Amino acid sequence: MRISTFFYTIKQGLINIFRNKWFSLASIATIGACLFLFGVFYAILTNFQYIVKTAQEGVSVTIFFDEGLSQERIEEIGALIDKRPEVSKKEFISADEAWESFKEDYLGEYADGFTENPLADSANFQIYLSDVSLQPALVTYLEGLEGVRTVNRSEITASTLTGINALIAYISVGIIAILFAVSIFLISNTVTIGISVRKEEITIMKYIGATDFFVRSPFVIEGMLIGVIGALIPIGVIYVLYNKVIEYIMLKFATLSQLLSFVPVEVIFGKLLPISVIMGVGIGFLGSITTVRKHLRV
């Protein structure tokens, strides 16, 4: 494509937007509304995933050793655990540390009556998983290790968090698919109107030798520009509202600040901005190119 043709195409795409300004505004508004909803759901789901991930990091599998097991064997078991892909980290809790923690949490001043450590065989590894859905595989492996007496785990917590993650994934895909389809439909209608308005002009261009690419390009550019504009406006609105909503929640529900932490706005929009722009351009391109191919028969 020559430079002059490129700039002509861009110019005609802009002219098309202003020529059909009411339909263009309607498409921008609708795409903006769709991407605004997408952005809101994205922010909510990202924070929800972050909360679930934080909860997952607190889920651990605890293994206890056979009575009298040597420190050398315990270290060998620890080395084997470190090699497992399911494991994010592990902590060794000695019998003395376990007793001190138990006294502090449950006995208090009554612990003075004990002259010996009743938890002498309670040394253990607390193992934290990189993905809680991998817990069954890790537990099976640990139960087969020589020297491991007991493996404690919370199957209900693991299955619940795994189910929540799957539900979030399904909801995300469904929302994106619906909003994408609606936006493409609206872009398609806008481009169809533009084609019908310029039908006679396009026919003359074809008669004097204009190629299909030359005729169709302005409509594709029009759709892509509408998509970009429709993406940037709601993203700007969400950016302004995000921190205000978080601040309101923290002030209105002060107890939540001790239980929950939210994803910073910079992290959210570091991903949301490019995703939304790409979606806007993609919606505009697909909506316009499919419509042009279907209706542009001159």
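Me: In which strand is the place of threonine 62?
Reply: This is a predicted model, in which local features need pLDDT of at least 70, side-chain atom pairs count only at pLDDT 80 or more, and totals for chains, interfaces and linings use all residues. Residues are numbered from 1 along each chain as its sequence is written, and side-chain values use heavy atoms, with hydrogens and water left out. Helices (H or I, at least four residues) and strands (E, at least two) are DSSP runs numbered from the N terminus. Threonine 62 has its place in strand β1.

Me: Is threonine 62 buried or exposed, and what is its relative accessible area?
Reply: Buried denotes under 20% relative accessible area, exposed over 50%, and partly exposed in between (1.4 Å probe, protein chains only). Contact denotes heavy atoms within 4.5 Å. Not counting residues up to four places away in sequence, threonine 62 touches Asn124, Phe125, Gln126, Thr150, Val151 and Asn152. Threonine 62 is buried, and its relative accessible area is 13%.

Me: How many of the six residues of strand β1 are buried?
Reply: Strand β1 comprises residues 60-65. The rest of the structure largely encloses this strand, because the number of its six residues that are buried is five.

Me: Which residue in β3 is the bridge partner of isoleucine 63?
Reply: Two strands pair if DSSP finds at least two bridges between them. Strand β3 (residues 124-129) runs antiparallel to β1, and five bridges join the two. Valine 61 has isoleucine 127 as its bridge partner in β3. For isoleucine 63, the partner in β3 is phenylalanine 125.

Me: Which residue in β4 stands opposite phenylalanine 64?
Reply: Strand β4 (residues 148-152) pairs with β1 over four bridges, in the antiparallel sense. Within β4, the residue opposite phenylalanine 64 is threonine 150.

Me: Which strands stand at the edges of the sheet?
Reply: The four strands form an open sheet with antiparallel pairing, in the order β2-β3-β1-β4. Each edge strand has a single partner strand, so one side of each is left without a neighbour in the sheet; these strands are β2 (87-93) and β4.

Me: Within what arc do the buried residues of α5 fall?
Reply: In helix α5 (residues 135-143), the buried residues are Gln135, Leu138, Val139 and Leu142. On the other side of α5, Pro136 and Thr140 are exposed. The arc is that of the directions from the helix axis to the C-beta atoms. Seen down the axis of α5, the buried residues line one face of the helix, because they fall within an arc of 100°.

Me: In which helix is confidence highest?
Reply: The predictor's confidence in each residue is given by pLDDT, from 0 to 100. The protein chain averages a pLDDT of 75, and 71% of its residues score at least 70. Confidence is lowest in helix α9 (residues 256-259), at a mean of 59. Confidence is highest, at 87, in residues 71-82, which form helix α3.
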